[in-house]
Amino acid sequence: MESSKPSDGVQPSPENIARSGIQDLPTELLITIISLASNMESDNLTRAQWLSTVCSRWRAVVEETPEIWSQITGSDPPEIVEKAIEKSKDMSLDIDYYTKAHHTIHRPEDFLQALCPHIHRWRRASIVLTTCNHEVLRGLTIGTAPRLESLTLRASYYYGQPLNLFGGVSPPCLREFHVRRVPLSWDGKHFSNLQKLSIGADRQWTLPLQRVLSILRMTSKLEELTYGGGLSLALSGDNGTMAQGSILLPEVKRLQLYSESSGALEILNYIRVPACLNVSLSAVLGDLEDPENSTQMYEGMIQFLPRITTLKNEGNRVKITARPQAAYFSISTVEFDLFHPTQIGKVLKWMIKDLTGESMEINLSIEDSSFTAEQLDSLVPPSLHRRVSKLSIGSLGNEIHQAGSILEYLSKPKLESDGQVRWPLPHLRELAVLNRSPDLLGALCLLKARAKVIDSPASFRPPQVLKLVLEGGIIDSQGNADLISRINEFLQENGGELWSRDWGKDPVRHFFSSERPC
């Protein structure tokens with residue numbers, strides 16, 4: 001067989017092919033490649049300069065393209081920063097002192113000192129605030145930062161007076177503002193055009209609730225709102241008589257509230273977000289021993305989230321997770337993550353009882369290592385057992401000490417106080433046992449026990465568990481081969497499936513070598 005050759009009989013060398021490919025790249029594509037390669041690391045300008053040594057054409061593209069030099073970080077040395085200011089010409093600048101690098105090579109004040117004469121070119125800025133550089137920020141006004149679209153401020157050992165940014169004037173282009181541990185003179189007027197607002201506080205620096213509410217009253221264009229950290233609940237003056245739900249935020253699509261107390265949840269009592277699609281709440285709850293306090297908080301959350309009622313009526317599946325001192329609730333794009341040191345069982349019961357509808361299926365996940373069968377029995381009242389169709393015991397890397405007792409509890413019917421014999425979780429159809437040392441014999445006994453009563457009256461009979469999920473390493477272990485084989489054989493005979501799950505991956509159906517499809 002003759003090999004095909006070029007008509008002139010000359011075969012191009014690999015070196016010529018590679019050289020031709022590089023030289024023939026369109027300039028626009030080459031700029032994109034260099035920009036993407038540079039931005040893979042925080043010291044992007046240093047990398048861009050290194051890429052300019054590939055060849056004379058790459059050097060010309062790097063040196064003559066202002067866009068490549070318009071993103072300046074604290075991980076580039078001072079001489080590179082100075083060069084970037086010159087090479088970027090009149091391009092809008094994205095500056096970031098707080099990078100993901102292991103260390104930065106500038107002091108914050110030196111970094112800003114080099115860039116502050118060019119504030120009029122800032123488009124996005126992320127700054128670490130210190131006592132030495134706060135005067136630079138005092139100069140941020142509508143006249144000096146006309147292009148500024150996004151500003152992020154983080155404090156590092158700042159003990160100065162509160163900043164009054166923008167001179168009380170609304171910057172024309174500012175749409176995103178993120179602030180963490182920075183004392184500001186807040187009045188909300190100069191944030192009227194914001195679309196994204198993120199406020200982070202801590203124990204040393206907290207905002208009064210009335211200050212937060214005054215800001216929100218002026219930000220009717222907000223689309224995303226995040227508040228994290230401490231919040232002083234005292235109301236005074238006009239805010240002391242502020243009506244619940246009196247602040248309308250019609251454009252908010254995403255709301256996140258995080259707090260080390262129940263304080264952040266108080267914001268829910270004063271705002272309305274009718275268009276909100278994604279809600280994430282995380283807070284340590286207050287005194288649940290006082291029924292009036294807990295009832296008021298729960299009712300406030302329900303009133304704030306009418307979307308839950310809609311989702312309940314639509315029959316969406318709910319995920320409820322029991323964690324150490326925490327309860328997690330998720331339905332569609334609504335998420336709660338609530339904490340309490342001793343009474344998390346009450347929170348879980350409330351979630352199951354009040355946040356789920358009659359037609360909804362519950363995915364119940366147990367990730368608290370001390371969780372017991374008795375807790376499971378008390379957690380889900382008999383009238384709600386039918387809603388749990390999926391149960392997960394443990395998580396990868398998290399051992400449930402009483403997993404065997406929980407499996408035994410699920411393996412036998414129980415005589416209830418009304419004289420009726422009922423199976424726990426009678427609609428359970430999927431079970432995941434993700435302990436590192438699972439009770440495989442207990443899992444097999446559960447499968448057989450629930451399958452034996454298939455001919456019993458419908459009022460007594462539970463459905464078969466048709467899907468069992470185990471950790472991948474447990475299934476592949478030679479020491480478990482006999483039990484795994486018996487479990488798989490039983491599942492196959494009864495129309496079920498064995499699935500495996502590995503760390504960071506979704507569950508997949510497990511096939512033994514003799515079962516794999518061609």
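# Notebook: a look through the predicted chain

**Overview.** I started by counting secondary structure and found 16 helices and 24 strands in the chain. I note here that I am working with a predicted model. Next I looked up burial: of the 518 residues in the chain, 46% are buried. For contacts with a separation of 6 or more, I asked what share joins residues 24 or more positions apart, and the figure is 67%.

**Helix 14 with helix 16.** I picked out helix 14 (residues 440-452) and helix 16 (residues 481-493), whose axes come within 10 Å of each other. The axes cross at roughly 20°. Angles under 35 degrees count as roughly parallel, so helix 14 is roughly parallel to helix 16. I also checked the hand of the crossing, and helix 14 passes helix 16 in a left-handed one. From helix 14, the contact takes in L440, L441, L444, L447, K448 and A451. Helix 16 brings L483, I484, R486, I487, F490 and L491 to this contact. Sorted by class, the contact has ten nonpolar residues, two charged ones and no polar ones. I jotted down a reminder beside these lists: an α-helix has 3.6 residues a turn, so residues three or four places apart point the same way.

**Helix 3 with helix 5.** Which way do helix 3 and helix 5 pack, roughly parallel or roughly perpendicular? I read off an angle of about 80° between helix 3 (residues 44-51) and helix 5 (residues 78-87), with their axes 10 Å apart. The range of 65 to 115 degrees counts as roughly perpendicular, so helix 3 is roughly perpendicular to helix 5. On the helix 3 side I noted L45, T46 and Q49, and on the helix 5 side I80, K83 and A84. By class, that contact has three nonpolar, two polar and one charged residues.

**Helix 8 and its cover.** I moved on to helix 8 (residues 209-217) and listed its buried residues: L209, V212, L213, S214, I215 and L216. What covers them? Strands feature in the cover of these buried residues. I wrote down strand 6 (196-200), strand 7 (207-208) and strand 8 (224-228) as part of the cover. Strand 9 (231-232), strand 10 (247-248) and strand 12 (271-272) are also included.

**S392.** Is S392 buried or exposed? I first placed S392 in strand 18 (residues 388-393). Its relative accessible area is 10%, and buried means under 20%, so S392 is buried. Leaving out residues up to four places away in sequence, I found S392 touching L364, S365, I366, A432 and L434.

**Two positive phi values.** I then went looking at backbone angles. R181 has a positive phi of about 60° although it is not a glycine. I located R181 in the loop between strand 5 (176-180) and strand 6. R181 counts as partly exposed because its relative accessibility is 30%. My other entry is Q325, a residue other than glycine whose phi is positive and near 60°. Q325 lies in the loop between strand 14 (318-323) and strand 15 (326-331). With a relative accessibility of 46%, Q325 counts as partly exposed.

Key:
Residues numbered from 1 in each chain as written. Predicted model: local features only at pLDDT ≥ 70, side-chain atom pairs only at ≥ 80, totals over all residues. Heavy atoms only, no water. Axes fitted to C-alpha atoms, helices over the stretch in contact; angles between N-to-C directions. Helix = DSSP H or I, 4+ residues; strand = E, 2+ residues; numbered from the N terminus. Parallel < 35°, antiparallel > 145°, perpendicular 65-115°, else oblique. Left-handed = near helix turned anticlockwise from the far one by under 90°. Contact = heavy atoms within 4.5 Å. Nonpolar A, V, L, I, M, F, W, Y, C, P; charged D, E, K, R; others polar. Buried < 20%, exposed > 50% of the residue type's maximum accessible area, 1.4 Å probe, protein only.
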